[in-house]
Amino acid sequence: MLSKTVYAALNKHMNTELFSAYLYLNMSAAANEMGYKGSANWFNVQYQEEMVHFTKFYNYINSQGAQAIVDKMAKPASSFKSLLHFFEETLKHEQFITRCINDLTEQAVKEKDHATQIFLQWFVTEQIEEEENDREIIGKLKLIGDNGYGQLMLDNELGTRVFVPPAVI
Ligand code: FEO
């Protein structure tokens with residue numbers, strides 16, 4: 001059973017994960033339009049991963065006898081200046097998500113909600129990987145600078161990313 005405050009916080013964050021999915025869907029289309037086909041693929045995979053995150057929250061809330069409710073959301077950004085800009089915005093967004101997960105975990109600890117703490121552990125670990133991936137790409141982009149060939153090579157590399165559906169959500 002979830003307390004009112006933990007339920008409200010989980011439902012709010014579920015909607016933030018859905019916002020993340022929409023943001024990366026916009027990024028994928030924007031990258032495609034700018035000719036970065038590999039990056040468009042990378043962001044499409046990111047979108048699919050965010051839908052998994054959203055569904056994990058949705059299922060968890062419902063499994064606790066509460067009702068997951070999808071809310072209206074802010075309009076995600078759809079215009080980006082460069083490959084570096086895409087990934088700096090991605091890292092910024094993921095750092096925000098990490099802070100949200102940490103706040104949620106603190107709330108669960110405060111209320112001695114062990115089930116929710118265990119549920120959130122997967123996300124704590126996931127955020128380490130998310131931020132690390134973004135920092136790695138940003139590092140490469142900074143090394144490449146304005147070199148068009150370098151950008152093309154990196155874009156090709158980002159095109160190899162594949163979405164691996166989890167066995168259980
Ligand atoms: Fe679901 Fe990228 O955090």
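Predicted model: local features only at pLDDT ≥ 70, side-chain atom pairs only at ≥ 80, totals over all residues.
Student: Let's start with the aromatics. How many aromatic pairs does the structure hold?

Tutor: There are 12 aromatic pairs. Take W42 and F87: their ring centres sit 5.0 Å apart, with 70° between the planes.

Student: What do I call that geometry, edge-to-face or stacked?

Tutor: Planes over 60 degrees apart count as edge-to-face, and the pair of W42 and F87 is edge-to-face.

Student: Which parts of the chain does this pair tie together?

Tutor: W42 belongs to helix α2 (residues 37-63) and F87 to helix α3 (residues 83-110), so the contact ties together parts that are 45 residues apart in sequence.

Student: Which residues join W42 and F87 in a cluster?

Tutor: Ring pairs link W42 and F87 with Y24, F43, F80 and F86 into a cluster.

Student: What lies over the face of W42?

Tutor: That's R161, at 4.4 Å from the ring centre.

Student: On to the charges, then. Why would two charged side chains pair up?

Tutor: Side chains of opposite charge can pair when their charged atoms come close. A search of the whole structure turns up 5 salt bridges. In one of them, the side chains of E49 and R161 meet at 3.4 Å, N to O. That pair links distant parts of the chain, with E49 in helix α2 and R161 in the segment after α5 (148-158), 112 residues apart. R161 counts as buried, at 17% relative accessibility.

Student: Where do R135 and E131 lie?

Tutor: Both are in helix α4 (residues 114-144), 4 residues apart, which is about one turn of the helix. R135 is partly exposed at 45% relative accessibility, whereas E131 is buried at 13%.

Student: And which helices do K140 and E157 lie in?

Tutor: First, the contact itself: their side chains meet in a salt bridge at 2.8 Å, N to O. K140 lies in helix α4 and E157 in helix α5, so this bridge ties together parts that are 17 residues apart in sequence. K140 counts as partly exposed, at 28% relative accessibility, and E157 is partly exposed too, at 41%. Salt bridges with shared partners also bring in E136, joining E136, K140 and E157 into one network.

Note on methods. Residues numbered from 1 in each chain as written. Heavy atoms only, no water. Phe/Tyr/Trp six-rings, centres within 6.5 Å; stacked < 30°, edge-to-face > 60°. Helix = DSSP H or I, 4+ residues; strand = E, 2+ residues; numbered from the N terminus. Lys NZ or Arg CZ within 6 Å of the ring centre and 35° of its normal. Salt bridge = Lys/Arg side-chain N within 4 Å of Asp/Glu carboxyl O. Buried < 20%, exposed > 50% of the residue type's maximum accessible area, 1.4 Å probe, protein only.
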